[in-house]
Amino acid sequence: MSRLSLHSISKSYGAIHALSHVSVTVEPGEVLGLMGDNGAGKTTLVKIIAGNFPPSTGEIRVDDQPVTFHNPRDAQRHGIEVVYQDLALCDNLSAASNVFLGRETMRSLGPLRYIDYAKMNRVAAELFRQLKSETRPRDLVRRMSGGQRQAVAIARTLLSEPKIVIMDEPTAAISVRQVAEVLDVIRRLRDHGISVILISHRMPDVFGVSDKIAVLRRGELVASKRADQSSPEEVTGLITGAIEAA
Amino acid sequence: MTTLDDVIARSEHRSWISRVSSRQLFWVFIAAVLACLALSILTDSFATERNLFNVARNFAFVGIIAIGMTTVIASGGIDLSVGSTVVLSAMVISVTMEGGMPFLLAFPLALLAALLVGVLNGVLVAYAGMPPFVVTLGTLSAARSLAMVLSDNKMIWNFGPDHDLLIWVGGGSTLGIPHPLYVLAALALVMSLVFRWTRWGQHLLAIGSNENAAILTGIPVRRMKVSIYGVSALTAGLAGVLMAGWLGSVTTNLGQGMELTVIAAAVIGGANLAGGEGSALGAVVGALLIEVIRNSLILLGISTFWQGMFIGTFIVVAVAFDRVRHFRS
């Protein structure tokens, strides 16, 4: 059984083919490193999996069931969560509010429904503790360090006990120590049976945590193989086109 | 070993006083109080019952619309059409009532006309992706023109069988407090709760802060925007009805240039023109300061021609303060 499988996914904007016939599978508790140069189609693929827009053709399956996503909520309902490159945080809201953004816990007082901040703070604090982060739920995101912001974005994905977490360049803009922390978090997710799709430019990070590596070049999948059967040199060649396919 | 509760409690180690005094709102309120005190000492006419009654009512109209404007500004937009929405709503209620329609029917009709302007703004901004500044500049022109068409550009001063009721609603007072002030207080209370305790309020601030994040987390941003511009137009429509009753007559230049006063009130009250910040209470305090200053210009014998200069300066200074604050943090 595959957790997520993509069958011949294509996406075109008019005459431009952003993706053509990409097929890839991810098993439960597997980390897939998705690599490729700028404009290779990584972000397009992520947005299709996350339900931001539908593929032009092709099929997505979650746990071997065909699914169609009309919006990000649909994808979330099937257990797919995304940590976006810019983290998609609102600076003016608290950490807890950001974790729960769009999914606020509500309480009822007669006919009135209001946001249950106390519960949101409690759950967020628990998630931050799981992630071993010192983020405080009531602090505004504006005043947070890169690592703390990262923790908020990752905590958001854990809220719904996801099956698949997609991370778009999680290590691009943070310090070396924080990179190690994020990679630790990825391993922790994997140990809980959560599949992770890691998109990154940084070769050591990808080889540090990935079980499988997929390479996109100009919208086509040129390789999908086990990390221990590949090497940074081979992947570099695949990305640039020096190696045709593997 | 720290417990979860400790972690939750340990945010922002600051006392109540330092938190209050760091808010722009607090200082604006102090400024308004100082202005009132100075005027009471400098002039004989400020602290009279009649003048305070007038200031209170004028301030209520600006405050009501400023609450709607704050909603739009906090979501990262702007609504220039409020002044024209005021006159459209006032014209709809006065024309229909002159034709014999009862107040209870004409009132919702006026609000509906205002709401339509807001929904048009919202749809063009959210679904057609047009900049709010341009869209609402267009409806600013269109709504006033529609009011002229409706009334044939005549002054209306006869509101039909329910004439006295409309005059009482907009111009009357209960327990010595003018009715528009009750409306303002109720609106401020409701909107404060809505901003803080509802999903709508949270999502509004989220859109203003990072619209892309709001879209990615599945917040229905487009529908939200339509409702936000709808709220702004409704507050303008409400003010239009009250102003019709207060003035006892409606002309097509009602509410002309009011959008600037209202935007100034919202910005002075802490609404961030870049989005993501704003409060109903701030809008009220901002409106109070503007109205007291305007009144003081009149009482001190300064030509009314200077009013525009003051309001313009206020907007620029408030935005400048905001820049400095963000630059420091």
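This passage describes two sheets of chain A, a helix pair and one loop residue of chain B, and the contact between the two chains.

The structure is a predicted model, in which local features need pLDDT of at least 70 and side-chain atom pairs count only at pLDDT 80 or more, whereas totals for chains, interfaces and linings use all residues. Residues are numbered from 1 along each chain as its sequence is written, and chains are lettered from A and ligands numbered from 1 in the order in which they are written.

In chain A, an open sheet of 4 strands has the order β2-β1-β4-β5 with antiparallel pairing. Helices (H or I, at least four residues) and strands (E, at least two) are DSSP runs numbered from the N terminus, and two strands pair if DSSP finds at least two bridges between them. The edges are held by β2 (16-26) and β5 (65-67) of chain A; each has a single partner strand, so one side of each lacks a neighbour in the sheet. Neighbouring strands are turned by 30 degrees against each other on average, direction ignored. Strand β1 (residues 4-13) of chain A is joined to β2(A) by 7 bridges in the antiparallel sense, and A:Ser5 has A:Thr25 of β2(A) as its bridge partner. Helix α1 (residues 42-49) of chain A packs on this sheet, touching β1, β2 and β4 (57-62) of chain A, and its direction makes about 60 degrees with that of β2(A). Axes are lines fitted to C-alpha atoms, for helices over the stretch in contact, and angles run from 0 to 180 degrees between N-to-C directions.

A further open sheet of chain A contains 6 strands in the order β6-β9-β10-β3-β11-β12, with mixed pairing. Its edge strands, β6 (80-83) and β12 (220-226) of chain A, each pair on one side only, and the twist averages 15 degrees from one strand to the next. Strand β11 (residues 212-217) of chain A pairs with β12(A) in the antiparallel sense over 6 bridges; A:Val215 stands opposite A:Ala223 in β12(A). Helix α1(A) also lies across β3 (31-36), β6, β9 (164-168), β10 (195-199) and β11 of chain A, at about 150 degrees to β9(A). Helix α6 (residues 176-191) of chain A lies across β3, β9 and β10 of chain A and runs at about 150 degrees to β10(A).

In chain B, helix α5 (residues 82-98) packs against α7(B) at an angle of about 20 degrees, the axes being 8 Å apart. The pair is therefore roughly parallel, a class for angles under 35 degrees. The contact of α5(B) with α7(B) comprises 10 nonpolar, 5 polar and 1 charged residues. Ala, Val, Leu, Ile, Met, Phe, Trp, Tyr, Cys and Pro count as nonpolar, Asp, Glu, Lys and Arg as charged, and the others, Gly among them, as polar.

B:Met155 is located in the loop between α7 (132-151) and α8 (163-171) of chain B. B:Met155 counts as exposed because it has 11 C-beta neighbours inside 10 Å, the limit for exposed residues being 12 or fewer other C-beta atoms within 10 Å, with C-beta atoms placed from the backbone. Beyond its neighbours within four places in sequence, B:Met155 is in contact (C-beta atoms, placed from the backbone, within 7 Å) with B:Ser249, B:Val250 and B:Thr251.

The contact between the chains takes 25 residues from chain A and 22 residues from chain B. On the side of chain B that touches chain A, α1 (4-9), α10 (199-209) and α11 (211-216) of chain B each supply at least two residues, and α10(B) gives the most, with 5 residues.

Note on methods: A residue is buried if 20 or more other C-beta atoms lie within 10 Å of its own, exposed if 12 or fewer, and partly exposed in between; C-beta atoms are placed from the backbone. Angles under 35 degrees count as roughly parallel, over 145 as roughly antiparallel, 65 to 115 as roughly perpendicular and the rest as oblique.
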